[in-house]
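Dear colleague,

Please find below the sequence and structure that I am handing over to you. My notes on what was found follow directly after.

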Amino acid sequence: MRPKVKWHRSFRFAYEGVKYALSTQRNMKFHFFAAFVVLLMALFFHLHKLEILFLLLAVTLMIVTELINTAIEKTVDLAMPDRHPLAKIAKDVAAASVLVSAAFAAIVGMVVFYEPIDRLFREAKNVEGHALSAGSIWILLCLVMLTVIVVETRFSRRGSWVQPSLLSAVAFAIATFITCYTNVTFIALLAYLLAIVVMMVLYDKRGRGFASLLLGAVIGGFVSALAYYLMNI
């Protein structure tokens, strides 16, 4: 008969499992980062208790399904090291559970944060200056592209992660320009959603990784927003 494991040792084993998944699984790192951002936004917008509960439910579901997916993948690799159709089905179904929970989390985030973002967006539009012209948009796009090229050529070295994606920067710069031009929150959110879709299409594990795409997105959004702010001073 196996000896009973004390509760504090069980807790330590569970904690080791979380640390392993966080240190080895790229998706888990993204989930933790997204959870951190979402919770900060919940504090910033002073959400109600029920909305916070839905956010916590979505975050918990995402992390739990990713942990289960990791456990199933390792178990399948242990039981079936070689390629097998049933092993593929097991991994695909486990990954599908993560996809379903991610879709639920995205829907919860859009429902919960839409009204606070819409209110903040309308307040910002009431105090902003003049609208963008066609010439100024092209100038700002050129400024964004020059910034990305300078960062990539000045600070990048072979094997360095500082290699921002030019297309990702342009996509988020355009999304920022649309946000500055429109007065409809839904259109602005759709613009950034399309920019995120562009990032997903450009993602290549061997070529342009997530860090390069994210850095390009930050440069594109920040430079265009800063330039637009300086134009209205």
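A salt bridge here is a side-chain nitrogen of Lys or Arg within 4 Å of a carboxyl oxygen of Asp or Glu. By that criterion, the whole structure holds 3 salt bridges.

Before the details, a word on the basis of these notes. This is a predicted model, in which local features need pLDDT of at least 70 and side-chain atom pairs count only at pLDDT 80 or more, while totals for chains, interfaces and linings use all residues. Residues are numbered from 1 along each chain as its sequence is written, and side-chain values use heavy atoms, with hydrogens and water left out.

Salt bridges

Aspartate 77 and lysine 91 meet through their side chains at 2.6 Å, N to O. This pair links distant parts of the chain, with aspartate 77 in helix H3 (residues 49-79) and lysine 91 in helix H4 (residues 85-127), 14 residues apart. Helices (H or I, at least four residues) are DSSP runs, as are strands (E, at least two), and they are numbered from the N terminus. Aspartate 77 has a relative accessible area of 35% and lysine 91 one of 27%; both count as partly exposed, a class that lies between buried (under 20% relative accessible area) and exposed (over 50%), using a 1.4 Å probe and protein chains only.

Lysine 88 pairs with aspartate 92, the closest N and O atoms being 2.7 Å apart. Both residues lie in helix H4, 4 residues apart, about one turn of the helix.

Lysine 19 and glutamate 16 form a salt bridge at 3.5 Å, N to O. They sit 3 residues apart in helix H1 (residues 7-24).

Nonpolar core

A nonpolar core is a set of buried Ala, Val, Leu, Ile, Met, Phe, Trp, Tyr and Cys residues joined through side-chain atoms within 4.5 Å. The largest one has 13 residues, of which Leu141, Val144, Ala173, Phe177 and Ile219 touch the most other members. Helices H5 (134-155), H6 (166-181) and H8 (210-231) each give two or more residues to this core, and H5 supplies the largest share, 5 residues.

Leaving aside residues up to four places away in sequence, isoleucine 219 touches Thr147, Val148, Val151 and Pro164, where contact means heavy atoms within 4.5 Å.

Annotated spans

An unreviewed UniProt entry lists several stretches as "transmembrane region", among them 30-47 and 93-114. UniProt positions are given in the numbering used here, feature names are shortened, and annotations may be inferred rather than shown by experiment. In the model, residues 93-114 are 100% helix, with end C-alpha atoms 31 Å apart. Residues 30-47 are 89% helix, and their end C-alpha atoms lie 23 Å apart.

With kind regards
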